[in-house]
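Please look through the structure below with this briefing at hand. The points that follow are grouped by topic.

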Amino acid sequence: MATSMPTNQTLCISRANYIGTTPHRLISDTSRRSIGWRSVRAAISLEKNHLPMRSFEVKHRTTVDDIRALHLITAIKTPYLPDGRFDLEAYDRLMHMQVAGGAEGVIVGGTTGEGHLMSWDEHIMLIGHTVNCFGSKIKVIGNTGSNSTGEAIHATEQGFAVGMHAALHINPYYGKTSIQGLIAHFDAVMSMGPTVVYNVPSRTGQDIPPPVINELSVNPNLAGVKECMGNERIKGYTDNGVVIWSGNDDECHDARWMYGATGVISVTSNLVPGLMHSLMFEGENAVLREKLMPLMKWLFVEPNPIGLNTALAQLGVTRPVFRLPYYPMPREKRVEFVRIVNELGREHFVGERDVQVLNDDDFIIVGRYR
């Protein structure tokens, strides 16, 4: 459903807005001397018998079962400013819309969020920002996967340090590895907390076959698998008690209600979170599935996230800024999106502005963004 944001809504912008900025000095040296100096320990309240640095972890620790219970997880889009930096105000608005629409979790910096176009500083900052602003309302799953095991370990340590509830891990891509290498890679990164394994051979060039998942399933930190290899593969896992989220929006209804999947990790829910919530929570609904199919198919005419980025710009939710190598949908597809929105109902989509067809010169294409 379309979500209206209060005009007085204070957007949550983390202290670390952009990596590389210098914080303003809040207290002058003279003022600091005049108020005296206290040790860090002397300034800490110990009312709960533990240090504040660990209070979030102790009070709000997320278990593997908490992650396994999620039915609708949005692979959240990362919006940009005209110079290619993160547009955190637009990001926060989109996050508020996800919470209001019923999403229970978000993947931060995944394929849809273009984590592969981020520096690790940007990546970890965005995970931390999301936790700080929305972590009490929605589960934050940080994509800290890499084709380098050492890099994945380091990023996952940082992700959990800034408070993410779970990690998303893809198998090593491009260079690929052996079956034993796959198992060893995942074992190395799963020790730090709840983990979702992501299998998408069309992007990695290598399937994670069932024998690997079956061996990983004995690890208590495996929350489940985002599986893109179809519903028959999903059924084989769910029959053996492995928690699965469909990675294919156009198959997720059947995956949920006919093949045992727990839910979906969705691109489409960026746009229509309320309808995707209905699809995952209200039982079999072939009518709604068919109504959503034209939108789902349109989103994946070009490799994700090209369609989503174009759609959110035309809805006025994000600026029409693309980090290369992504490039907007051609005009005929932009016209088609307007028709799809009108047929499905503008009220079901995020944002408040009327949907419009953007011209080619409305888009800003950024090649160097850090």
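Glycine 102 follows helix H4, and its phi is positive, near 105°. The model is predicted.

**Helix H4**
- H4 is mostly covered, since 10 of its 14 residues are buried.
- The buried residues are Leu88, Ala90, Tyr91, Asp92, Leu94, Met95, His96, Met97, Gln98 and Gly101.

**H4 against H12**
- Two packed helices are described by the angle between their axes and the distance between the axes.
- For H4 (residues 88-101) and H12 (residues 273-281), the angle is about 35° and the axes are 8 Å apart.
- H4 and H12 cross in a right-handed way.
- On the H4 side the contact is made by Met97, Gln98 and Gly101, and on the H12 side by Pro273, Gly274 and His277.
- Sorted by type, the residues of this contact between H4 and H12 are two nonpolar, four polar and no charged.

**H12 against H13**
- The axes of H12 and H13 (residues 286-299) come within 11 Å and cross at roughly 135°.
- That angle makes H12 oblique to H13.
- The crossing of H12 and H13 is left-handed.
- H12 contributes Leu275, Met276, Ser278 and Leu279 to the contact, while H13 contributes Leu288, Arg289, Leu292 and Met296.
- The residues of the contact of H12 with H13 comprise six nonpolar, one polar and one charged.

**Valine 200**
- Where does valine 200 lie? Its place is in the loop between strand E5 (195-199) and helix H8 (201-204).
- Is valine 200 buried or exposed? Valine 200 counts as buried because its relative accessibility is 5%, and buried means under 20%.
- Leaving aside residues up to four places away in sequence, valine 200 touches Ile170 and Cys228.
- Glutamate 227 is 27 residues from valine 200 along the chain, and the C-alpha atoms of the two are separated by 6.9 Å.

Notes: Residues are numbered from 1 along each chain as its sequence is written. This is a predicted model: local features need pLDDT of at least 70, side-chain atom pairs count only at pLDDT 80 or more; totals for chains, interfaces and linings use all residues. Side-chain values use heavy atoms; hydrogens and water are left out. Axes are lines fitted to C-alpha atoms, for helices over the stretch in contact, and angles run from 0 to 180 degrees between N-to-C directions. Helices (H or I, at least four residues) and strands (E, at least two) are DSSP runs, numbered from the N terminus. A crossing is left-handed if the near helix is turned anticlockwise from the far one by less than a right angle, and right-handed if clockwise. Contact means heavy atoms within 4.5 Å. Ala, Val, Leu, Ile, Met, Phe, Trp, Tyr, Cys and Pro count as nonpolar, Asp, Glu, Lys and Arg as charged, and the others, Gly among them, as polar. Buried means under 20% relative accessible area, exposed over 50%, partly exposed in between (1.4 Å probe, protein chains only). Angles under 35 degrees count as roughly parallel, over 145 as roughly antiparallel, 65 to 115 as roughly perpendicular and the rest as oblique.
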